[in-house]
Amino acid sequence: MAALFETSFATPLFFSSNANNNNSATSKSPSHDLRFHHTHTHTHSHTPSSSSPSLQPQPEPDSDSTRDRRRAVRVAWEKLVRWSRSWRSKNKTDVLERTKKVVVLGGGSFGTAMAAHVANRKAELEVNMLVRDPQVCFSINERHCNCKYFPDHWLPDNVVATTDAKSALLNADYCLHAVPVQFSASFLESVADYVDPSLPFISLSKGLELNTLRMMAQIIPQALRNPRQPFVALSGPSFALELMNKLPTAMVVASKDKKLANKVQQLLASSHLRISTSSDVTGVEIAGALKNVLAIAAGIVEGMNLGNNSMAALVSQGCSEIRWLATKPTTITGLSGTGDIMLTCFVNLSRNRTVGVRLGLGEKLEDILSSMNQVAEGVSTAGAVIALAQKYNVKMPVLTAVARIIDNELTPKKAVFELMSLPQVEEV
């Protein structure tokens, strides 16, 4: 399956085959057309009646080969289940048992969903949410819900909110960082005095810092003035609402420290949340950041009603552009790459896709952003795309077009025309 995904991402659509190849591939000989029409007419004129036995679904005979096939499937499944049980028993740790307190920085939708998830892992676990909005703080503590993002979802009793950074961070075993990327540095600098140098930071934020191009793996230790601050990036296809509803979800944790990644995996994994591990921190963060920009592009295609062919072409090209920056092929074909891209580009719950749809419908960016109560990271990350492309000497036409639309230097209609007019080159 991974090979199939890698093949698809290795064929950028707007940098496709040359003009001569295109002409030869799309042209048809007269004899080919004749055979096609002849076959169609023949089939139409000799259609059997619906009562014909040959068209009725036939029950599969209970032959020896059928029984052998079913037995082979059953044995394969039983082996998988036994392997799963054996692996869990061998890799069982006491991480959750030893964890007493988890702090969540930020009171947004995803931070709230992860706070609820962790709190549900163990009733005795203290989960502190550091929020800046007193109204949200009051609603969490008094009504057990986040009135701003999840007014209809009950939060576990062991989730407590506070606006006091010192008390929130005191004696914490793990920290989930859910502050938007563009505000993370200034926020962390303001609380740095209360952060234990050995406190592991699990970043839920996706994006690149404008102007500096820094990722969270760089922002967190630099803002805390501690280059050795333990760091893990959490990414993958995950809408906060579905996490709150405990629907099956899979994500990945990436860290240079394999032992720390395994500990976070044990802390977060549950019956409805699968956690994989990775050592490709840069690839996971790049994919998580740029997929938001690609989602805006996908939304624009939807808003302009350009059709399914156009959507497939654009997303495929965008995947190739992200792949050129990813450090490992397995990252772009994994949860933080393919998984997150599909979810963000094709599902209406995506904030970034929504921005794109509204841009495609002709709305102004200022009006769109002022009407939203959550941050669409792709808008700010788009501004870093051109600098990123120059830094690594790669061409990123789709993501660059989004950046120019965001800067109001290009209309969506003009962007489509320019992209379709790019040279027809060899697939890479």
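Predicted model: local features only at pLDDT ≥ 70, side-chain atom pairs only at ≥ 80, totals over all residues.
Trainee: Which helix does Leu80 lie in?

Mentor: Leu80 belongs to helix H4, which covers residues 64-90.

Trainee: And which residues make the nonpolar surface patch there?

Mentor: Leu80 makes the patch together with Trp77, Trp83 and Trp87, and the patch has an area of about 520 Å².

Trainee: Spacing in a helix keeps coming up in class; why do residues three or four places apart point the same way?

Mentor: An α-helix has 3.6 residues a turn, so residues with that spacing point the same way.

Trainee: Let me change topic to the whole chain. How many helices and strands are there?

Mentor: The protein chain has 21 helices and eight strands. Of its 428 residues, 46% are buried, and the chain exposes about 22900 Å², with carbon and sulfur atoms supplying 54% of that area.

Trainee: What share of the contacts joins residues at least 24 apart in sequence?

Mentor: If you take the contacts between residues at least 6 apart in sequence, 74% of them join residues at least 24 apart.

Trainee: Now the sheet. What is the order of its strands?

Mentor: The sheet is open and has eight strands in the order E3-E2-E1-E4-E5-E6-E7-E8, with mixed pairing. Strand E3 (159-162) and strand E8 (273-278) stand at the edges with a single partner strand each, so one side of each has no neighbour in the sheet. From one strand to the next, the twist averages 25°.

Trainee: Do E4 and E5 pair in the parallel or the antiparallel sense?

Mentor: Strand E4 (residues 174-177) and strand E5 (residues 201-203) pair in the parallel sense, over three bridges. Within that pair, His177 stands opposite Ser203 in E5.

Trainee: What packs on the sheet?

Mentor: Helix H12 (residues 258-268) packs on the sheet and touches E4, E5, strand E6 (231-235), strand E7 (249-254) and E8, while its direction makes about 175° with that of E8. Helix H13 (residues 281-303) lies across E6, E7 and E8, and runs at about 40° to E6.

Trainee: Back to His177: buried or exposed?

Mentor: His177, which lies in strand E4, counts as buried because its relative accessibility is 0%. Leaving aside residues up to four places away in sequence, His177 touches several residues, including Leu105, Phe187, Phe201, Met216 and Ile220.

Trainee: Which residues of H10 are buried, and what do they pack against?

Mentor: In helix H10 (residues 216-223), the buried residues are Met216, Ile219, Ile220, Pro221 and Ala223. These buried residues pack against E4, helix H9 (181-191), E5, E6 and H13. After H10 comes Arg225, which has a positive phi near 60°.

Trainee: Last one, Val379. Where is it found, and what does it touch?

Mentor: Val379 is found in helix H19 (residues 377-392), and with a relative accessible area of 13% it is buried, because the limit for that class is under 20%. Not counting residues up to four places away in sequence, Val379 touches Ile296, Asn352, Val355, Leu365, Leu369 and Ile406. Val379 and Leu365 are 14 residues apart in sequence, and their C-alpha atoms are 9.3 Å apart in space.

Key: Residues numbered from 1 in each chain as written. Heavy atoms only, no water. Pairing = 2+ DSSP bridges. Helix = DSSP H or I, 4+ residues; strand = E, 2+ residues; numbered from the N terminus. Axes fitted to C-alpha atoms, helices over the stretch in contact; angles between N-to-C directions. Contact = heavy atoms within 4.5 Å. Buried < 20%, exposed > 50% of the residue type's maximum accessible area, 1.4 Å probe, protein only. Patch = residues over 30% accessible without salt bridge, like charges linked within 9 Å, V, L, I, M, F, W, Y side chains within 5 Å. Areas by Shrake-Rupley, 256 points an atom, 1.4 Å probe, with all protein chains shown as cover. Salt bridge = Lys/Arg side-chain N within 4 Å of Asp/Glu carboxyl O.
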